[in-house]
Structures are given as structure tokens and as C-alpha cells.
Amino acid sequence: QVQLVESGGGLVQPGGSLRLSCEASGFALSMYAMSWVRQSSGKGLEWVSDIDSGDGATDYAESVKGRFTISRDNAKNTLYLQMNSLKPEDTAVYYCAKEKVAGTREYDIWGQGTQVTVSS
């Protein structure tokens, strides 16, 4: 069964850190470009970061650049998002997603999402 399962969300104070995980099954995520996308309450989807297949080149939204790091462990077939220096505006449901075609940021497989809440 092809699926993505996120974990690692939670409540954290401003300035804190979290690491999100996204375990893939049914396909090798190293073969595809993968993204993290978030959705805040009442807002649309916002692309956060992606990592290419092959050389693993990464890209980030300006709002998270320098604070978030995307990575993957091919042996564990798992995608990660390390989030540091979290801000209240990072509060959202975070989804991992598989790109249909690398570079298009169009997705054909989504995880169920994990809630991140940044609040004191």
C-alpha cells in the first residue's frame, strides 16, 4: 500500500524546536522529489521545503529559510523536517507529499498531516 505517515508534531514554545518525520511505504522516497507543505487555520496550503531525488538538492520558502532543514534517510525510507527557532506563525498542520514530477510542486500522494502549535 502506497502511503505517507507523518509524526512528531506537538505544542512547543516560541524559540523551541521540533523534528517531523514522514515514513513512506509502498515506494522508495529516494526516487522522487518530496515536499513539506503546511496549512494554517483558515488559510490555504503553503509550500515549505522540498528535496530532490538523486543529489538531494533542497529548497526552502523564505519564511523558514535558515530555521528549517529538510532531509531524508533512504535506509529508513523516511523524510524529516527539523524545525528550529519556531515562531507562532509556524503554527499549522504539516503535510509531507510526493511530487508527481520533480520541480512541479504538484503532488499525487499526501500524508495525513501532523499538527504543530507554537505558543507560550
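Trainee: Why is E8 described as largely enclosed by the rest of the structure?

Mentor: First, a word on the source: this is a predicted model, in which local features need pLDDT of at least 70 and side-chain atom pairs count only at pLDDT 80 or more, while totals for chains, interfaces and linings use all residues. Residues are numbered from 1 along each chain as its sequence is written, and side-chain values use heavy atoms, with hydrogens and water left out. As to the terms, buried means under 20% relative accessible area, exposed means over 50%, and partly exposed lies in between (1.4 Å probe, protein chains only). Helices (H or I, at least four residues) and strands (E, at least two) are DSSP runs, numbered from the N terminus. In the present case, five of the six residues of E8 are buried, so the strand is largely enclosed by the rest of the structure.

Trainee: Which strands pair with E8, and in what sense?

Mentor: Two strands pair if DSSP finds at least two bridges between them. E3 is joined to E8 by six bridges in the antiparallel sense, and Glu-23 stands opposite Thr-78 of E8. E7 also runs antiparallel to E8, again with six bridges; there, Ile-70 has Leu-81 as its bridge partner. E7 and E8 form a hairpin with four residues between them, and Asn-77 in the turn has a positive phi of about 55°.

Trainee: Which residues of the largest nonpolar core touch the most other members?

Mentor: The general idea is that, in soluble globular proteins, nonpolar side chains tend to be buried together. A nonpolar core is a set of buried Ala, Val, Leu, Ile, Met, Phe, Trp, Tyr and Cys residues joined through side-chain atoms within 4.5 Å. Here the largest such core has 31 residues, and those touching the most other members are Leu-4, Trp-36, Phe-68, Leu-79, Leu-81, Met-83 and Tyr-94. Among the elements that give two or more residues to this core are strands E3 (18–25), E7 (68–73), E8 (78–83) and E9 (92–99).

Trainee: With which residues is Tyr-94 in contact, leaving aside its neighbours within four places in sequence?

Mentor: Contact means heavy atoms within 4.5 Å. On that basis, the partners of Tyr-94 include Trp-36, Phe-68, Leu-81 and Met-83, as well as Glu-6 and Arg-38.

Trainee: How many aromatic pairs does a search of the whole structure find?

Mentor: A pair of aromatic rings is described by the distance of the centres and the angle of the planes. Rings of Phe, Tyr and Trp (its six-membered ring) pair if their centres lie within 6.5 Å; planes under 30 degrees apart count as stacked, over 60 as edge-to-face and the rest as tilted. The search finds three such pairs. In one of them, the rings of Phe-27 and Tyr-32 have centres 5.8 Å apart and planes at 75°, so the pair is edge-to-face. Phe-27 is buried at 12% relative accessibility, whereas Tyr-32 is partly exposed at 31%. Tyr-95 and Trp-110 are also edge-to-face, with 6.0 Å from centre to centre and 85° between the planes. Because Tyr-95 lies in strand E9 and Trp-110 in strand E10, this pair ties together parts that are 15 residues apart in sequence. Together with Tyr-107, these two residues form one aromatic cluster.

Trainee: Over which ring does the charged end of Lys-98 sit?

Mentor: A charge sits over a ring if NZ of Lys or CZ of Arg is within 6 Å of the ring centre and within 35 degrees of the ring normal. The charged end of Lys-98 sits over the ring of Tyr-32, 4.2 Å from its centre. Arg-105 lies over the face of Trp-47, at 3.5 Å from the ring centre.

Trainee: How many salt bridges does a search of the whole structure find?

Mentor: A salt bridge is a side-chain nitrogen of Lys or Arg within 4 Å of a carboxyl oxygen of Asp or Glu. The search finds seven. Arg-105 forms one with Asp-59, the closest N and O atoms being 3.0 Å apart. This pair links the loop between E9 and E10 to strand E6 (residues 58–60), 46 residues apart. Lys-98 meets Asp-108 in another, at 3.0 Å from N to O. Lys-98 is buried, at 7%, while Asp-108 is partly exposed, at 39%.
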